[in-house]
Amino acid sequence: MIVGLLQLSDIHIEVQNNSIFSKHDKIAWALQEYIYQLDHLFIIITGDSAFSGRDIEYLQVMQMIDDIKKDIISIKRIELSILIIPGNHDCFLPELPVRSILIKNIKSGMSSITNDEISILTEPQKEFFEYLKCYEETSALILDDILLKTYSFEINGKKIVFNCFNSSWISERKETPGTLYFPIERYTEHLSKIEGDLIISAIHHPNNWYIPENGRALRSVLEKYSDLILTGHEHVATAKKIENFDGERAQYIEGGVLQETGIESISNFNFILFDLEEELQMITRFTWSEDYYSNSYASGWMNYYHANSARSTHFILSDNYQAKLDDPEINLKHPRKAKVTLGDIYIYPDAKIVLSDEKTSKFEQIINLEKITLDCKLNVIVFGSERSGKTSLCKMIYSHFYNKGYVPVYINAVDIKARSLEDFNKTVYKNFSIQYSKEMIERYKQLDHKKKIIIIDDMEKFKQPSEVMSRLLKQIKEVYPNLVITGSEMLKFSNIIGISEEENEVFEQFEKYEILQFGHYQRSKLIDKWNNIGNSGLSEVDLLEKNDRITADINTVIGNNFVPSFPFFLLIIIQTAESDIPHSYKDSAYGYYYELLITQSFINIDIQPKELDAYYTYISELAYYVYKNEVYEISDTELRRFNNYLCQKYDLDHEYERTVTRLVDSSILEKLGDYYRFKLNYIYYYFVAKYLSSRITNPDIRAIIKDMCLHLHIEENANIIMFLTHLSKDPYILDSLYEKALEIFDEFTPTKLEDDIGSLNTLVSEIPKIVYRNIEVKKHREERLIAKDEADLGRRESAITSHYPRRKNKDSVMDVVTKLNVAFKTIELLGQILKNYYGSIEAEQKYILTEEVYMIGLRTLNSFLSLITDNVENVAINLQKIIEKQETNESHHDSKLAGKLLFNICCVLSYQIFIKIAESVGSKNMRNTFSQITENNKFTSIRLIEIAIKLDQLRSLPYPDIKLLKEDVEKNVMALSILKLLVINHLYMYDTNRVDKQRICDLLGIPIDKQITIDLTSNRKKDR
């Protein structure tokens, strides 16, 4: 059975001048293809039918509604119901002193409100309720209250419920966010008792318009007892899904403005289709386009969820097991919440589909594992490395389906001793008794198997032969159709996953996934979720800055796949960065992060604090031994010899078997046959660097460090030096890096981007048109992070264990690409040192190092630009010939296309290098140094770098600096284009008010995409 929901919002009908009257006859025809599918249509108006709550306005609204009804029925004669809620514009608001006093008292915290007072407060809505009577289906009313009306419709055996809230009961002429109040406690009991196949709540004002404490309470109730929440008021059409840590879900759909006062071109509405049999939905959005409504968004069919699914009252989780499900199993301390639950911080990971024959495809499809919760039938195996979050995933799947009315049972494979289904059932019932209660076992046995979910964790711990496993799984699947299994990444390659054709046949019935590390987008979501725990009270701008600061820390610590980007590791870094705990570590905060991660590894093996120093020494010596001998993997025999050597050197008694077992159990080392190696990259690099830092005054060690700095094109050297900068601020490291920095592209002078690029400026006859596409900052950031994830897909899929690269011949000649890598790596290293130790590096040295970071970038840039400028005509001609060979339509041939393309390449490369410098060295703590460099090097490229740093660090537009530079480079097309790119990047990354946005775009001649109209008008919502 298909039901439609047409959401119209913010119609604002005035006495005259209503542009919607020339459009509304197109609404039905825009929906024509959907109307033919419908069994029933609901039209819901989510507030602001009128402009000022006058009866003459409602008469015109009614005429429009009747016209739309007539048009729909002319397409197909279907059942049609109309629901309407009031908005603030539906209030007629003359001066009412008593009402004003009551509103003031409510906002001041008046504890109770009488029905008589509610009548006074809703007096301005008198005409609205007269208008509502014309369409209200009183037979469907199950609650008739002036602040909440609930309607229940029975359609072909399905019950659809609408909760229509009156959020405008205390509206005033000039509303501001955070000031409204709704007495949700009056209706919570009523809402909790409602049952239906689809429960929809409609409320005009979104959550940010209420007093914060009341808003939280209102949101909690709405999300708990609604499958779909419709809002209006803000004139921007959006749709989003919410899931809290209890597994409760709700969807929000915000109506766009149907008629924007004074702007005829803007008109939007939403239409949602529901397939009540299959529990599917499709969300569509329509936008006015010249003379018709265009389908601007369609979600496709997708599942919808019951936020308050009827859970079987016979199966109640024990308190102890509920606490276990909530336990994140990592010691987390949060400044705003005493006990952090798994749901507070959980983000579903991405995974790659494990194909049955991986040779058939080099590119594996990536999915998010939340997909598992969308399936009605579960046949899933999830592989993952240690600490990848398999058990947490099991808990979230368990909680989700339990809240949907299923009865899951979790089993760790180590507890499965069974070889038959009968024995396996005993294991199920034993675990069920622990997770629920013994008294419920008989009810569980008689429960429909389709409502049961078996979750088997750590399948690699099942110690039976593979043929026993496959036979048992086949029997289990015949009885329990919903089965989720997790196992280690090695399980995928072991003989457990099928040797014989019969065994393979069993496992072929499962969908198989392998958990990936968190990419940029998921890390961003995790940080944001952490920072929003306990409602920090931060503004959007401050929250964004805080998120960015922690993101920068995480990116530095993770480095080039040093640390696995799994939540376990990320959360240790996040909570440390967020807490600002003063640490005893003598050097950088990043060194402290790595020490925390390593200390966390030792927790598993119960090493006493007094033992840590001895183990750190052991591992440092071993890491240096591996580095020095270039062995990477060390045999059992060789490791025994090393152990004996170390015991003699330090006069210690490291019992070999016990020591090595502890290092393996703590994930410092891993055993592969008869060989051992460091399990994680960062542990290897960290301990080599620790060995060097503890002996840095030794001439032989200094020689090694100097040699590493001189050969940064060898990746292992660069990585060890990166860790060394976190562990030590010895001047020798700085001096060695500075010496190397001076050699990078020393055959080139730093580009000034002035006369030296004169020939490049001749490539174009006018300044290229660079358009600012107005887009929400959050959305742009998400798009950028997703794009970075796609680019980094190979790194996310690659194993993190023991992939530190073998050394190349350090005397080999560096090609241009290698030189570029060295340049960027040196910029990163020097920038990291300057930011780590800005407070202890003396001013003169700080200036010299920072200036050299600038100069490395500018020499690197000039190595490319000079190649072009010295041969600009020949390069352009050859490029033009290539383009002409590819050109199929000569009539559209552009003879200057090669020049434009070449010019754009130079601009984008320059922009990227300026961004690289700004991100590497930029710090609010070094503003004086940046200013001095610009003062002493007053050429265009240096000024562009300082502006790039200010745009990145200050989060605001340095308008005077930009204006002055713009005036000075008015005729320098390339410099002006780079300046525009830097400013546009800032507008995309940071919220800028519309006045400043328009001002800077006017200054630089940046056209703003037409969508800006919507942005500008939607900001009027703040005045409502």
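Q: Which residues of helix α4 (residues 97-107) are buried?
A: This is a predicted model, in which local features need pLDDT of at least 70, side-chain atom pairs count only at pLDDT 80 or more, and totals for chains, interfaces and linings use all residues. Residues are numbered from 1 along each chain as its sequence is written, and side-chain values use heavy atoms, with hydrogens and water left out. Buried means under 20% relative accessible area, exposed over 50% and partly exposed in between, with a 1.4 Å probe and protein chains only. On that scale, the buried residues of α4 are Arg99, Leu102, Ile103 and Ile106.

Q: Which exposed residues does the face of α4 turned away from its buried side carry?
A: Helices here are DSSP runs (H or I, at least four residues), as are strands (E, at least two), numbered from the N terminus. Cover for the buried residues of α4 includes α5 (115-121). The face turned away from that buried side carries Pro97, Ile101 and Lys104.

Q: Which residue just after α4 takes a positive phi?
A: Helix α4 spans residues 97-107. Just after α4, a positive phi of about 105° is found at Gly109.

Q: Which residue forms a salt bridge with Glu172?
A: A salt bridge here is a side-chain nitrogen of Lys or Arg within 4 Å of a carboxyl oxygen of Asp or Glu. For Glu172, the closest N and O atoms of the pair are 2.9 Å apart, and the partner is Lys107. The two come from distant parts of the chain, 65 residues apart: Glu172 is in the loop between β6 (158-165) and α7 (188-192), and Lys107 is in helix α4.

Q: In which helix do Glu130 and Lys133 both lie?
A: Their side chains meet in a salt bridge of 3.2 Å, N to O. Glu130 is partly exposed at 41%, whereas Lys133 is exposed at 56%. The two are 3 residues apart, about one turn of the helix, and that helix is α6 (residues 126-133).

Q: How many residues apart are Glu747 and Lys819?
A: These two form a salt bridge whose closest N and O atoms are 3.9 Å apart. Glu747 sits in the loop between α26 (731-743) and α27 (758-761), while Lys819 belongs to helix α30 (residues 816-836); the separation is 72 residues.

Q: How many salt bridges does a search of the whole structure find?
A: Side chains of opposite charge can pair when their charged atoms come close. Salt bridges also link Glu136, Asp144 and Lys149 in a network. For the whole structure, the search gives 37.

Q: How many disulfides does the structure hold?
A: A disulfide is counted when two cysteine sulfur atoms lie within 2.5 Å. Cys906 is buried, at 1% relative accessibility. Its sulfur is 7.1 Å from the closest cysteine sulfur, in Cys907, too far for a bond. The number of disulfides in the structure is 0.

Conventions: Contact means heavy atoms within 4.5 Å.
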